Amino acid sequence: MLRNTIIARPLRGLSARYFSAAPATSESASDSPAVAEGSHANLPWVHPLRETNFIMNEVFDAESHYRKVAAQLAPEAGGGGDPVEPVTADMLDAINVECAKFAQEVVAPLYGPGDTACKYMPNGDVITPKGYRESYQEFSAAGWNGLTVPEAYGGQGMPMSLGIMKSEMIGTANWSWAMYPGLSVGCMNTLILHGDEAMKQTYLTKLASGEWSGTMCLTEPHCGTDLAQTSTKAVPDGNGLYDVSGTKVYISSGEHDMADNIVHIVLAKLPDAPHGTKGISLFLVPKFMPDSNGEVPEGATKNVVCAGIETKMGIKSSATCVMAFENSKGFLIGEANDGLAQMFTFMNTARLGTAMQGVCHMERSYQGALPWVMERRSMRALSGKKDPEAVADRIIHHPDVRKNMLTIKALCEGGRAMIYEASLIADGMMHENEKIRDECENELGLHTPTLKAFLTELGVECSSLGMQVYGGAGFIKDYGMEQIMRDARISTLYEGTTGVQGLDLLGRKIIMDKGVLLRKHLKNVATECFKIGTGSNAMKYGLHTKALEIGAFTARTMYAVARILGHASGNKEAVGSASVDFLMMQGYFNCGLQWLRMMNAAADALESNPDMDEAEKTFYRGKMNTGNFYFDRILPKAYAHASMCVKSPDSIMAMTMDQWDINQKLPSDSGRAYGKNFVQQ
């Protein structure tokens, strides 16, 4: 395999800038909405490559992992032929350096100016902000779209985990921009695992090159999470295709001007389909139907039409579309009525990507706030003057500001490790052995709800803390921090709300599984904690007590499950009332496990190389201090959630309908704002 191409290809075109000088002749530039008046200057941001290398190489020993991955690839993922060259530490670093360079130099400058909506045209076209189309074309030309696609279909053949790292860099640079190529990743993974060869040759190759992009079409006006209510129909046309009709809403990247065609992965029901989710099938519906050569004919009419775009609180330059399917020609993916299982390939990819969004906003918030707290001066430190020659001390010397910054830092670094570990599990979904593929998918499925919900909830929290250290200035658009929070807020909502993720974790992944996967995971955690807690550096660095605490949480988890099941035997609402607290408990617990691992790796480095340079010592000592902060000030939140999740649901469910005051005339008259009698319904 030509692995050297992935290092060489991204080198092209990295000098381009689109911050303020998109080509005047570009249709995208000339027709785009102008940059919003008063838009802030871009916040400083660079990708923390040292953090990436530390987690991948020193905590997870990625090189050993990639040797196993290369030896066990399934044929559809590029295995089964000549030996696959494994990803080495040097190769991983080279790829990440080039991706970070692209993100910093090309995508990040579009972040502030891109805080404006796309333009919807009368013919259903959508025009993205200045520079988006040009930067996407450069992204595609450099080979980034097909990073994890098998070489047989025009990709670079890299493991899925490298794609997750890529998404972090591009997403932190500009999440709105990143959603356009980001949706294509799930589309490509779905076709790799479930598409037939004709689909792969026609559609996967174009997605890998970036000439075409992809979407996921699930939600309808009357149903979001409850896909059993799906009403979009797919009727066989007698020629091997299907006429797909229905309306899909909140479709990210459903229409735009960045790619020549858009491949929609659509849930719909066949005429004779069973009721509920068992009757859902999966279809590929292109914006333009390609000809027999796999190309879009000149002057082709749209097969799918965008009926409008939403006006949103954040991620404004990501087009959120209403898509109208009217006898749109489509292809059945896989077996009929098996669409939901196939769609979860896309959903797990999307939820892992959304979990990363939480980390992206944490990193953005941290780097946006750090210069401010290091330069802003206010009052004197309680312990005495820290900057005696200045009129006041820098606010980083005040404990509350420092606590806020450490909270962002600890959650960001711990969350990044959580995502990277999950990405390594995801690599196993391309294993040559189907049983092992299924085991990896199930293991990833156990962690996905926690990753998605926990990290996005804390992404919002950390975005708020980043604003908080600015004081009143954080509320002002010119400083840029409020955009981070507006962009972060959607992450807890799409791809399943936090409540839905909690039910998925506790109900489907634990109770319905009878705790099999959970017990296996907890056993592995307990074994690892014992190993770290009895290691040669454990006493010196205080890891023995931390390992004991994390190890004890395995028992606390099983106790919580037993208590919840006990309540559920008498009140079925117990699972729903406990699920989010249980999930958050698991999030803090698993993040604590990552910090135990990182502290252990840092201790090993300090002990094995006492003569390392001061910059490296500072890095590792910083890891130890941040880890100590996590165990002292953040992990205790897990105990609060553990206490709440085992409570009876009675205090939540006891309110009767007439006690909500909705029909009482309040001073603001808001009690009758909807003109309905909710009590009688």
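**Figure 1. The largest nonpolar core of the predicted model.** This core has 190 residues. Trp177, Ile419, Phe582 and Tyr630 have the most contacts inside it. Helix H17 supplies the largest share, 20 residues. The structure shown is a predicted model. In soluble globular proteins, nonpolar side chains tend to be buried together.

**Figure 2. Surroundings of Ile419.** Ile419 is among the residues with the most contacts inside the largest nonpolar core.

**Figure 3. A salt bridge between Glu168 and Arg416.** The two side chains meet at 2.7 Å, N to O. Glu168 sits in helix H7 (residues 160-173), and Arg416 in helix H11 (residues 399-427). The pair is 248 residues apart and links distant parts of the chain. Glu168 has 0% relative accessibility, so it counts as buried. Arg416 also counts as buried, because its relative accessibility is 0%. The protein has 32 salt bridges by the rule used here.

**Figure 4. Helix H17 bridged to helix H15.** The side chains of Arg597 and Glu528 form a salt bridge at 2.8 Å, N to O. Arg597 belongs to H17, and Glu528 to H15 (residues 516-533). They are 69 residues apart. Arg597 is buried, with 12% relative accessibility. Glu528 is partly exposed, at 25%.

Figure 5. Glu607 and Lys540 meet through their side chains at 2.7 Å, N to O. Glu607 lies in H17, whereas Lys540 lies in the loop between H15 and helix H16 (543-568). The pair is 67 residues apart. Glu607 has a relative accessible area of 33%, so it is partly exposed. Lys540 is exposed, with a relative accessible area of 59%.

**Figure 6. Asn590 in helix H17.** Asn590 is placed in H17, which spans residues 574-608. It counts as buried, because its relative accessibility is 10%. Met418 and His521 are its contacts once neighbours within four places in sequence are left aside.

**Figure 7. A network of salt bridges.** Four residues are linked here: Glu51, Lys409, Glu413 and Lys623.

Figure 8. Phe475, Ile476 and Tyr479 make a patch of about 340 Å². Tyr479 is in the loop between helix H12 (434-468) and H13. Tyr479 counts as partly exposed, because its relative accessibility is 36%.

Figure 9. Phi of Ser253 is near 65 degrees, a positive value in a residue other than glycine. This serine is in the loop between strand E5 (242-252) and strand E6 (261-269). Ser253 is at 0% relative accessibility, so it counts as buried. Phi of Glu495 is also positive, near 60 degrees. Glu495 occupies the loop between helix H13 (481-489) and helix H14 (498-511). Glu495 is buried, with a relative accessible area of 18%.

**Figure 10. Residues 1-39 and the confidence of the model.** Across residues 1-39, pLDDT stays under 50. The model has 86 contacts beyond four places in sequence for this stretch. The protein averages a pLDDT of 90, and 89% of the residues score at least 70. The protein has 20 helices and 9 strands. Of its 681 residues, 56% count as buried.

Note on methods. Residues numbered from 1 in each chain as written. Predicted model: local features only at pLDDT ≥ 70, side-chain atom pairs only at ≥ 80, totals over all residues. Heavy atoms only, no water. Helix = DSSP H or I, 4+ residues; strand = E, 2+ residues; numbered from the N terminus. Buried < 20%, exposed > 50% of the residue type's maximum accessible area, 1.4 Å probe, protein only. Patch = residues over 30% accessible without salt bridge, like charges linked within 9 Å, V, L, I, M, F, W, Y side chains within 5 Å. Areas by Shrake-Rupley, 256 points an atom, 1.4 Å probe, with all protein chains shown as cover. Contact = heavy atoms within 4.5 Å. pLDDT = per-residue confidence, 0-100. Core = buried A, V, L, I, M, F, W, Y, C linked by side-chain atoms within 4.5 Å.
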